[in-house]
Amino acid sequence: NGVPLRRVDSRYIIATSTKVDISSVDVTKVTPETFKRAATEKRVKGEGEFMGDKSKKVAEKEARKTSAAAKGKSPNGGRVSDERRNLQKAVDAGIMAALKKDIVGKEKAGYLKSIFTVKPGDAPHRMQW
């Protein structure tokens, strides 16, 4: 359904009574390391940088140019690695196969694709799904 494989905080999850048997889906490659971010290099600060010299001004000017171009992008340039893409396809294929085996698989697939929102005045803890 176009949802990427990612770790989600439990505050953003709404539990439902809908169940999909995913025991046949191979998720052995999905580990906590899958969701770790790439380590960024920390720059070393020195007295010359603090006191301000010409090279600092030049470096800041260059940094502004590059940061404006790369703003909001991840260290890999916003691209998904082939390994992550293949993992996503494998998990999606397993889930879709599990949905097809289900008696009401078409309805569940439609239900999982639907957009859900809670509006003001709604009481999600009282709703039955």
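Of the 129 residues in the chain, 9% count as buried (buried means under 20% relative accessible area, exposed over 50%, partly exposed in between, with a 1.4 Å probe and protein chains only). This is a predicted model, in which local features need pLDDT of at least 70, side-chain atom pairs count only at pLDDT 80 or more, and totals for chains, interfaces and linings use all residues. Residues are numbered from 1 along each chain as its sequence is written, and side-chain values use heavy atoms, with hydrogens and water left out.

**Confidence**

- The average pLDDT of the chain is 78 (pLDDT is the predictor's confidence in each residue, from 0 to 100).
- A score of at least 70 is reached by 78% of the residues.
- Helix α3 (residues 82–101) has the highest confidence, at a mean of 88.
- Helix α1 (residues 47–51) has the lowest, at 62.
- Where pLDDT is low, the predicted coordinates should not be read in detail.

**Overall build**

- Read from the N terminus, the order of elements is α-α-α-α.
- Among contacts between residues at least 6 apart in sequence, 80% join residues at least 24 apart (contact means heavy atoms within 4.5 Å).
- The accessible surface of the chain is about 11800 Å² (by the Shrake-Rupley method with a 1.4 Å probe; for residues, only the protein chains shown count as cover).
- Carbon and sulfur atoms account for 56% of that surface.

- The buried residues of α4 are G105, K108 and A109.
- They sit on the same side of α4, because they cover an arc of only 100 degrees around the axis (the arc is that of the directions from the helix axis to the C-beta atoms).
- These buried residues of α4 pack against α3.
- K106 and E107 are exposed on the other side of α4.

**K108 in focus**

- K108 belongs to helix α4, which spans residues 105–113.
- K108 counts as buried because its relative accessibility is 14%.
- Beyond its neighbours within four places in sequence, K108 touches T18, K19, V20, L99 and D102.
- The side chains of K108 and D102 also meet in a salt bridge, at 2.5 Å from N to O (a salt bridge is a side-chain nitrogen of Lys or Arg within 4 Å of a carboxyl oxygen of Asp or Glu).
- D102 is partly exposed, at 24% relative accessibility.

**Salt bridges**

- The whole structure holds three salt bridges, and the pair of D102 and K108 is one of them.
- R11 and D9 form a salt bridge through their side chains, at 2.9 Å from N to O.
- R11 is exposed at 66% relative accessibility, and D9 is partly exposed at 34%.
- D82 and R85 form a salt bridge, with their closest N and O atoms 2.7 Å apart.
- D82 and R85 are three residues apart in helix α3, so about one helical turn separates them.
- D82 is exposed, with a relative accessible area of 54%, while R85 is partly exposed at 35% relative accessibility.

**K36, before the helices**

- K36 lies in the segment before α1.
- K36 counts as exposed, at 59% relative accessibility.
- K36 and R7 are 29 residues apart in sequence, and their C-alpha atoms are 9.8 Å apart in space.

Terms used. Helices (H or I, at least four residues) and strands (E, at least two) are DSSP runs, numbered from the N terminus.
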